[in-house]
Amino acid sequence: MRYEIEIAPTGHAAMDAAIERASLLASLGDDETLVPLALIARAQADRWRIDDVLRSFGYYDAVVDVQLDGRDPADPLLAETLAAGAGLADLPVKIRIDTGPLYRLAEIRVDDAVPEAVQSAVDLRVGEPAEARRVLSAGTAMLEALREDGFAVAQVPPPQATVDHRTRGMAVRYSVDTGPRVAIGGIEITGLERLREGFVRRRLGLAPGEPYSPSRLELARRDLLASEAVAAARVIPATALDADGRLPLAVEVVERKRRTLRVSGAFASDEGGSLLLGWTHRNLFGGAERLSVHGEIGAIDGTSRDSLNYAAGASLRLPDRGRRDLDLAFDLDAVSESLDAYDRDAVTAGAGLELRLSPRLAVAVGAAVERARIAQDGPAEDFRLLSLPLTLGWDGTDAPQDPRRGLRVEAQLVPVPWVQADGPGDGQAFVRADLSASAYLDLTRLGAAGETQDAAAAADDARAQGELAPAAPRSSTVIAGRLALGRIIGADARAVPADWRLYAGGAGSVRGYPYQSIGPRRASNAPAGGDSLLEGSLELRRRLRGPWGMVAFADAGSVTADGLSDLGAVRVGVGLGVRFHTVIGPLRADVAVPLDPYPGDAPVQLYLGIGEAF
């Protein structure tokens, strides 16, 4: 049998949507295999299913009328009549609803044993609609508040609700068994293979005897997950108190694979291709020590390079040195590159401390020495310098590789108090300051209702817990913006080593212009670099059906050698891009056009890579 259903609207949009979801006749649809008795069963079930929806919105005296071809489903002859006409035409099915009056809360009572601070979790007021869903959720909220207040074994049964049809009011009473306030008991850790138990306990930061709190346990779990050596973790409270009246905890840990091999590549028509090979050990000595080694070859088939570029490096990060979230890092890097702006061979060694003040805020301080040979038009110069970088970073975005909302800011101040130059120039001390910020606004989230917002919230929760986020909505629109400022203080730009000057242009800067090409020029018309930089980008990112997406963008930038007061010669590039979204981030292909190219610049630039441009 086939049928055509019509549900008369009640005038309440959210309630109408809930009714349609609850209706079996509406949600299951029809097909050739549907028999009359099954259709009648659906119609009879819809009466009480829809009535439940109406009660959840505060309508306790409603009438739900379901008609199959104008007849009541309870008609004993209906099945025979429907069978006789099966297949002749679509059967008309109509549902009419008389909601009746809206009932309201007349009384709300909570047992006196519940602390007053916890009672405030019952967000109900006399005179409000007697919505069953809110009455039930208030009990759940009170149970969560009790456990957060240390009542780990509290019980809040479903409330006793009494409906008075004469006054059209509801009296609600919550009976609560609070149990005692408890503290954390013994902590048992399982699942460890190579990680030391002492490291796990230090990362958790939980101690027997401290007050029990579910949010405190969740924070400890997330702190443990912040270690790259941990793939998953669960903190499970016991179901009963121990002999001392405390609540034991079980911590289950799943370690990540200790070693990873990473291969990545990128291509830009101005720089050519690059290939990177990296190896990482996430747990070198059992305390989540991370050793990384990488090598990179660049300028592969580059149109503006005379030779290949090479880079290699190693880093060692030692977590929780002396206190939680204080990491000690050592870095060693070597590079040999031939760029339009300069030729450079350099070795850099550094050490630093990074302190995570919160899951989103981190500060780092360090010291590095560099020995470099740099050539720019004239004979090569040898430089030796000491730098003292100070970095402050804030990441309030929802995802590192493909952010949809939030703000990301990084500020870096690098004093270079000692510069020694073995060449025609004299080394001068200077300070380099950089500030970058990017912001993301999800227009789909702002305009969505109900299910889209719920899906976005679920994705945010999953990311916060270190889990694989649910798939994003099929389509979405994100506006992304970036602003970057740079300044060199204390020395003329020409006295600063060429690799420390400021440049703009290229894949991560102003697309459409060759790498480092924007700014002052030398007598050879090659980039000279400057002491002031201003950059900005704006992108409209549209997620299409499936993994595909499109991007429209505009980048702008200016570099000068005369300070911020002369940032007038702004170069602008515009373009379009395609994205293919994967679990590791989007694959990116951008085509950009310079609106004010330099003589000899290509009219179009192509960029391929992994991850968004910013």
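Some ground rules. Residues are numbered from 1 along each chain as its sequence is written, and side-chain values use heavy atoms, with hydrogens and water left out. Because the model is predicted, local features need pLDDT of at least 70, side-chain atom pairs count only at pLDDT 80 or more, and totals for chains, interfaces and linings use all residues.

Helices first. Two packed helices are described by the angle between their axes and the distance between the axes. Helices here are DSSP runs of H or I with at least four residues, strands are runs of E with at least two, and both are numbered from the N terminus. Axes are lines fitted to C-alpha atoms, for helices over the stretch in contact, and angles run from 0 to 180 degrees between N-to-C directions.

Take α1, residues 13-22, and α3. Their axes come within 9 Å and cross at roughly 150°. So α1 and α3 are roughly antiparallel to each other. The cut-offs: under 35 degrees is roughly parallel, over 145 roughly antiparallel, 65 to 115 roughly perpendicular, and the rest oblique. The crossing of α1 and α3 is right-handed.

Who meets whom? From α1 come Met15, Ala18, Ile19 and Ala22; from α3 come Asp46, Arg49, Ile50, Val53 and Leu54. Contact means heavy atoms within 4.5 Å. By class, this contact of α1 with α3 has 7 nonpolar, no polar and 2 charged residues. Here Ala, Val, Leu, Ile, Met, Phe, Trp, Tyr, Cys and Pro count as nonpolar, Asp, Glu, Lys and Arg as charged, and the others, Gly among them, as polar.

Next, α3 (residues 36-56) with α4 (residues 78-85). These axes come within 9 Å and cross at roughly 125°. That makes α3 oblique to α4. The crossing is right-handed. On the α3 side we find Pro36, Leu37, Leu39 and Ile40; α4 brings Leu78, Ala79, Leu82 and Ala83. The classes in this contact of α3 with α4 are 8 nonpolar, no polar and no charged.

Now a loop. Glutamate 289 sits between β11 (272-281) and β12 (290-300). Is glutamate 289 buried or exposed? Buried, because its relative accessibility is 4%. Buried means under 20% relative accessible area, exposed over 50%, partly exposed in between, with a 1.4 Å probe and protein chains only. The side chain of glutamate 289 reaches the backbone nitrogen of phenylalanine 285 at 2.9 Å. The backbone nitrogen of glycine 286 lies 3.4 Å from a polar atom of that side chain. Beyond four places in sequence, the contacts of glutamate 289 include Arg196, His281 and Arg317.

Alanine 288 is in the loop between β11 and β12 too. Alanine 288 is not a glycine, yet has a positive phi of about 65°. It is buried, at 11%.

Asparagine 525 also has a positive phi, about 70°, and is not a glycine. Its loop runs between β22 (476-489) and β23 (532-543). At 42% relative accessibility, asparagine 525 is partly exposed.

Last stop: glutamine 420, in strand β20, residues 418-422. Glutamine 420 is partly exposed, at 31%. Leaving out residues up to four places away in sequence, glutamine 420 touches Asp382, Phe383 and Arg384. How far is glutamine 420 from aspartate 402 in space? They are 42 Å apart, C-alpha to C-alpha, and 18 residues apart in sequence.

Key: A polar contact is a pair of N or O atoms within 3.5 Å; within protein, one must be able to donate a hydrogen and the other to accept it, and residues adjacent in sequence count only if both atoms are side-chain atoms. A crossing is left-handed if the near helix is turned anticlockwise from the far one by less than a right angle, and right-handed if clockwise.
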